[in-house]
Amino acid sequence: QPPVQQTDLSESQLRSFAKVYVQIEKILKTYEPQLKQAKTPEEGQQIQNEQASKIQQALTQGGVDAQNFHRIVQIANADDGLRTKIIAFIDEEKQKS
């Protein structure tokens, strides 16, 4: 699969990505301890389903679909300049919340 060019990503898309990224990070931090403490596989599955639902909700509210979210992650992993820009936006978002 050829590398994707960043030229089709606007600053507003990157800011939306950063906002959603911070929300997803918080969701994961909330649910990870619960997953580790699950007493049965069923309980673990229920927690995972709830976590997935919250992540989907964050994506929807942020106006970013899962496919686009993952695409931006892939582009950022291949482009140091873009990754630096995204990290700056993520840091801004973390300071807001």
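Helix α4 gives the most to the lining of the largest pocket, with 5 residues. The model you are looking at is predicted, so local features need pLDDT of at least 70 and side-chain atom pairs count only at pLDDT 80 or more, while totals for chains, interfaces and linings use all residues. Residues are numbered from 1 along each chain as its sequence is written, and side-chain values use heavy atoms, with hydrogens and water left out.

Let's begin with the overall layout. The protein chain has 4 helices and 0 strands, running α-α-α-α from the N terminus on. Here helices (H or I, at least four residues) and strands (E, at least two) are DSSP runs, numbered from the N terminus. Taken along the principal axes, the C-alpha atoms fill a box of roughly 45 × 35 × 20 Å.

Now to the packing. The axes of α1 (residues 11–37) and α4 (residues 80–96) come within 8 Å and cross at roughly 55°. That makes α1 oblique to α4. Axes are lines fitted to C-alpha atoms, for helices over the stretch in contact, and angles run from 0 to 180 degrees between N-to-C directions. Angles under 35 degrees count as roughly parallel, over 145 as roughly antiparallel, 65 to 115 as roughly perpendicular and the rest as oblique. In this contact (heavy atoms within 4.5 Å), residues of α1 including Leu14, Phe17 and Tyr21 meet residues of α4 including Leu82, Ile86 and Phe89. The residues of the contact of α1 with α4 divide into 9 nonpolar, no polar and 8 charged. For these classes, Ala, Val, Leu, Ile, Met, Phe, Trp, Tyr, Cys and Pro count as nonpolar, Asp, Glu, Lys and Arg as charged, and the others, Gly among them, as polar.

Next comes α3 (66–78). With axes 11 Å apart, α1 and α3 pack at an angle of about 100°, which makes α1 roughly perpendicular to α3. This contact has 8 nonpolar, 2 polar and no charged residues.

The axes of α3 and α4 are 5 Å apart, at an angle of about 120°, and that makes α3 oblique to α4. Among the residues that meet are Ile72 and Ala76 in α3, and Arg83 and Ile86 in α4.

Back to the largest pocket, whose volume is about 150 Å³. On a 1 Å grid over the protein atoms alone, a pocket is an open set of points where a 1.4 Å probe fits, with protein on both sides within 12 Å along at least five of seven lines; lining residues have an atom within 4 Å of a point. Grid points are joined across faces, edges and corners, and a volume is the space filled by probe spheres set on the points. Helices α1, α3 and α4 each supply at least two lining residues. Among those lining the pocket are Phe17, Tyr21, Val73, Ala76 and Ile86. By class, the lining has 7 nonpolar, 1 polar and 2 charged residues.
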